[in-house]
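These are my notebook entries on a structure that I looked through element by element. I begin with the strands and end with the contact of the chains.

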Amino acid sequence: MSVILSIPVLSLITIFQSAVISRLPLNRGTADLMLVVLVAIALQKSVQDVWQWSIVGGLLTDFFSGLPFGLFTVSFLIVTWFAYFLRERIWRFSFLMQLLVVFSGTLITHGLSYLVLFLRGSSLQFNTVLQTVTLPSIILNFMLSLPVFIITQDIAQQINPLE
Amino acid sequence: MNKRFPRSIRTLAISLAAIGILALALSGVFTSLSRLVLSPLTSIQTWVSQQYQGMESFISASRDIREIRQQNTGLEAENARMQAQIVELQQQLVEYEILSALLEFARANPENKYIGASVIGRDPSPFLNYIIINRGSDDGLKRGMPVVTQNGLAGRVVQVTASGARVSLITDPATKINIRIEPSRSAAVLSGSITGDLTLEQIPQEADVNPGNLILTSGLGGNYPANIIIGQITSVKSRENALFQSASVQPVTDFYDLNIVLVITNFNPVDISPLVPIDTP
C-alpha cells in the first residue's frame, strides 16, 4: 500500500480514535485503533512500506496525545518490528498472530507510557494500572482486531495482490 | 269506451283517483304496503350495488395498489425525515439545557469572563485524563486558563493551538490543586488518579472534616481562581499516628459526559516555580 495513502487513512483513524474510541472506555482502558490497524498492516505480506505507515501513525498519535512527543512513534516502531519479524519467519500466519502482536503491542505501549509518566513524577500504582487500564485495553483491542484484520487483508489484497 | 265516457269526465275521474291515492298515502294507509314492497327491493338493490362495487374494486385494484404503494413510500420517507428531525431536536434540546445551565453558572459568577467550547475529543492515551476542545489561541485561549462546567471545576488548559486546546481534567494523575474544605475552612491538596478518583491529602489532623463537606478551590498556588466548587467529601481516613488526614471526593462534574465547557479567560495563572526552593546537596 502506498505511503501517500497512509496520511489520509491514518489521519482519519486518529480523529476517530480521539473523537469516538477514546470516549468508550472499559473500566479505565480504551481501545487503541491505531495500534490494531498498524499491526494488521505490518502482518500483510503484500505490504512492503510498513515502516513508513508506522512512523506516520506514530507521529499523528503523538500530535494528538499529551504524552511526550515521540513515545507513540517509538512504541509503534517496536511493535511493527515485532510484527515484521514474525511475518518474515512464519510461512503461514493467521488471525492468532494478529492477537499475539496486539497483545504484545498493548503491553509495550502501556509499559513505555507508564515508565515515562512514572519518571515524570505521576503517582501510578503498577497493579492498579494493570487491572484498570491495561487489561481492559487488551480486551478492547482484541475485539477490534478481527474486523480490522479482515478489512486490512482485503484492502491489501486488492491493492497489492500476491503472486 | 271513448264514446261512453267523454274526455272531460275521464280526466276528472283520473284526477279524483290521483287525489284520493295521494290523500290515502298522506294519511299513512300505504306505509305498511310500501314497506312490504320496498323492503325486498332495497335488499336486492343493496346486494346488486355491493356486487358492482366489488367488481369495480377488483377492476381498479391494481391502479389503487400502485397509488397506495406510492403513497406508502412517500409516507415512509416522510416518517424517516421526521424521525431524523426528532433526533436532531432532542440533541438540540440537550445542548440547549447544557447551555442554559452554563449561562446560569456564568450569571452566578459575573466576576469571570467565559468562552464556551465544545469537547471534540479525548486523549488517545488512557493514561491521561485530557480532553480536546474546539477553541484555541485564535479565540484568546492561553495555557493555564481554568475550565469549568455548569456544576463546577473541570480542569485547565495545558496546550493551545490556533483552533483547539488540550485541557487536563482534575481527575488526571498529575493534578494537584490547593483546595479549601467548607465549612471548616481547612486547607488541603486535591490529587487525581489513574482510576479517575479524587483524593484529598494533607488535611491537618485537627481539622474537623466530615463526609458531605464541600470542596472549593482556595486560590493558593495561583493556578486556579478561588471559590470554584469541585465536589463533596464521601469518606475520611484518619489515623492517630499520621501527620495528616486523607479523604475521598465525589466530583460535581460528570467527566464521562462532558460535551460543552466554559473557559475562564480573565484569569492569569501565576507561575510560582521560581519561588519554589531547589534542593541543593
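Entry 1: Two strands pair here if DSSP finds at least two bridges between them. I noted that helices (H or I, at least four residues) and strands (E, at least two) are DSSP runs, numbered from the N terminus. The bridge partner of B:Arg122 is B:Ile131 in S2(B).

I recorded what I was working with: this is a predicted model, in which local features need pLDDT of at least 70 and side-chain atom pairs count only at pLDDT 80 or more, while totals for chains, interfaces and linings use all residues. Residues are numbered from 1 along each chain as its sequence is written, and chains are lettered from A and ligands numbered from 1 in the order in which they are written.

**Entry 2: the barrel that holds S1.** I followed the pairing onwards in chain B and found six strands that close into a barrel, in the order S1-S2-S5-S4-S3-S12, with antiparallel pairing. On average, neighbouring strands of this sheet are turned by 45 degrees against each other, direction ignored. Helix H2 (residues 31–108) of chain B packs on this sheet and touches S1, strand S3 (146–148) and strand S12 (260–264) of chain B. The direction of H2 makes about 25 degrees with that of S12(B). Axes are lines fitted to C-alpha atoms, for helices over the stretch in contact, and angles run from 0 to 180 degrees between N-to-C directions. Residues are in contact if their C-beta atoms, placed from the backbone, lie within 7 Å.

**Entry 3: another barrel in chain B.** I found a closed barrel of six strands that runs S6-S7-S8-S11-S10-S9 in chain B, with antiparallel pairing. Its neighbouring strands are turned by 40 degrees against each other on average, direction ignored. Within chain B, strand S10 (residues 229–237) and strand S11 (residues 244–251) run antiparallel and are joined by six bridges. I located B:Ile233 opposite B:Val249 in S11(B).

**Entry 4: the domains of chain B.** I noted domain 1 (1–79) and domain 2 (114–270) in chain B; the bounds come from an automatic or database domain assignment. Their centres, taken over C-alpha atoms, are separated by 87 Å.

**Entry 5: helix packing in chain A.** How do H4(A) and H5(A) cross? I found that the axes of helix H4 (residues 71–89) and H5 of chain A come within 9 Å and cross at roughly 155 degrees. H4(A) is therefore roughly antiparallel to H5(A), a term for angles over 145 degrees. The contact of H4(A) with H5(A) has twelve nonpolar, five polar and no charged residues. I used these classes: Ala, Val, Leu, Ile, Met, Phe, Trp, Tyr, Cys and Pro are nonpolar, Asp, Glu, Lys and Arg are charged, and the others, Gly among them, are polar.

The axes of H1(A) and H3(A) also come within 9 Å, and they cross at roughly 35 degrees. Among the residues that make this contact are A:Leu10 of H1(A) and A:Trp53 of H3(A). By class, I recorded seven nonpolar, seven polar and no charged residues.

**Entry 6: where the chains meet.** I found that the contact takes 23 residues from chain A and 19 residues from chain B. On the side of chain A, helix H1 (3–19), helix H3 (50–64), helix H5 (95–119) and helix H6 (126–159) each supply at least two residues. The largest share, five residues, comes from H6(A). This side of chain A has seven nonpolar, 14 polar and two charged residues.

How values were computed:
Two residues are in contact if their C-beta atoms, placed from the backbone, lie within 7 Å. Angles under 35 degrees count as roughly parallel, over 145 as roughly antiparallel, 65 to 115 as roughly perpendicular and the rest as oblique.
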